[in-house]
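Good morning, and thank you for coming.

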Amino acid sequence: MQTVKKNALLKRYHLKPCLPQHVAIIMDGNGRWAKKRHLPRIAGHRAGAHSIRELVRLAGELGIEALTLYAFSTENWKRPRQEVRLLMQLLKQYLRQEVKELLQNNVRLQTIGRAEDLPAEIQQELKQSIKATAHCTGLTLVLALSYSGRADITTAIKKIAGEVKNGKLNPNSISEKTITQALSTAQLPEVDFLIRTSGEMRVSNFLLWELAYSEFYITKTLWPDFKTKDFIAALKDFQSRQRRFGGVTNIIGSFTSWAR
C-alpha cells in the first residue's frame, strides 16, 4: 500500500524515483514572517509548526528515509528570555499534539543536540514521544535541539580520544568513518540535500561534518510559507543536479551513475 501511494505521488508531482534519502532543513524566517504581518515573533513560530506537520507527512509518503529539522540551536539561547520561554512552551505543545499524527504516519522521532540543556519538562516530553514512536518503520524525524555542529564534532573527538587513551583504539586506524560513527547522527543515512528558507546563504553551525557532499537549495520563501509546492520544487531541483562527488559523470545527464 505504501509503495502504491508513493508511486501515485511521484506521478502526481512529476518526480523521479531517485529522491534524497536524508533531507535537512534550516527553518529560517519565522520572525520576519511575523514582522511582515505586525504580529509577535512567536506567531511566526506557531505558523512554522504547520509547515513542519505538512512536510513531515509528505516526506514520509514519498519514502524519504530521514528528515532533520534545525529546531533550536545553541546560539538561540541568547535570544530574549521571554522568546525562549515561549519557544519551549511551543515545543512542549508540539510534542504533545503531534505524537498521534506521527504514529498514524509511521514516523519515528529522534533528537540530536544537548537535550540536557532543555527544561526538565521538555526532556520528559521528548523521552515519552521518542519511546512512543520507537517501533515506527517509516520516516525518521530528527529534531536538532540545543544543537551545535562544532559541539557535536568536539564531543565525537573527545569520545575517540578516550578510546585511544584506554587502548581500545589505535590512532593509526582512525578514519573518516571513525568520526562519522562517533557523531550523534551516526545511525542516519548521509545528508544528501540541505534546504534553507528565507534566502540566507550560510549553514549556521548545522551538521558541519554531515553536509560535506550535500546539495544545497536556498529559497527566499519564509519558513511558515514553505509548503508542499515549495518542497516539491526543491526536490525537482535536487533531481536536476549532477552529483559528481569530485569526479565526473559516467553518463552525461545521468542522475544515478557517478564516478567518484
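I shall begin with the sheet, go on to one of its strands, and end with some individual residues.

This is a predicted model, in which local features need pLDDT of at least 70 and side-chain atom pairs count only at pLDDT 80 or more, while totals for chains, interfaces and linings use all residues. Residues are numbered from 1 along each chain as its sequence is written, and side-chain values use heavy atoms, with hydrogens and water left out.

Six strands form an open sheet, with parallel pairing, in the order β3-β4-β2-β1-β5-β6. At the edges are β3 (108-112) and β6, each pairing on one side only. On average, neighbouring strands of this sheet are turned by 20° against each other, direction ignored. Helices (H or I, at least four residues) and strands (E, at least two) are DSSP runs, numbered from the N terminus. Two strands pair if DSSP finds at least two bridges between them.

Let us now turn to β1. With strand β2 (residues 66-73), β1 pairs in the parallel sense over five bridges; with β5, β1 pairs in the parallel sense over four bridges. His22, in turn, stands opposite Ala66 in β2.

Is β1 enclosed or open? Five of the five residues of β1 are buried, so this strand is largely enclosed by the rest of the structure. Buried means under 20% relative accessible area, exposed means over 50%, and partly exposed lies in between (1.4 Å probe, protein chains only). Both faces of β1 are covered: His22, Ala24 and Ile26 are buried on one side, and Val23 and Ile25 on the other.

Next, two residues in loops. Most residues other than glycine have a negative phi. His14, however, has a positive phi, near 55°. His14 is in the loop between α1 (2-12) and β1 (22-26), and counts as exposed because its relative accessibility is 65%. Ser198 also has a positive phi, near 80°. Ser198 lies in the loop between β5 (193-196) and β6, and counts as buried because its relative accessibility is 9%.

Finally, Ile218 is found in strand β6 (residues 215-218). Ile218 counts as partly exposed because its relative accessibility is 32%.

Technical notes
Axes are lines fitted to C-alpha atoms, for helices over the stretch in contact, and angles run from 0 to 180 degrees between N-to-C directions.
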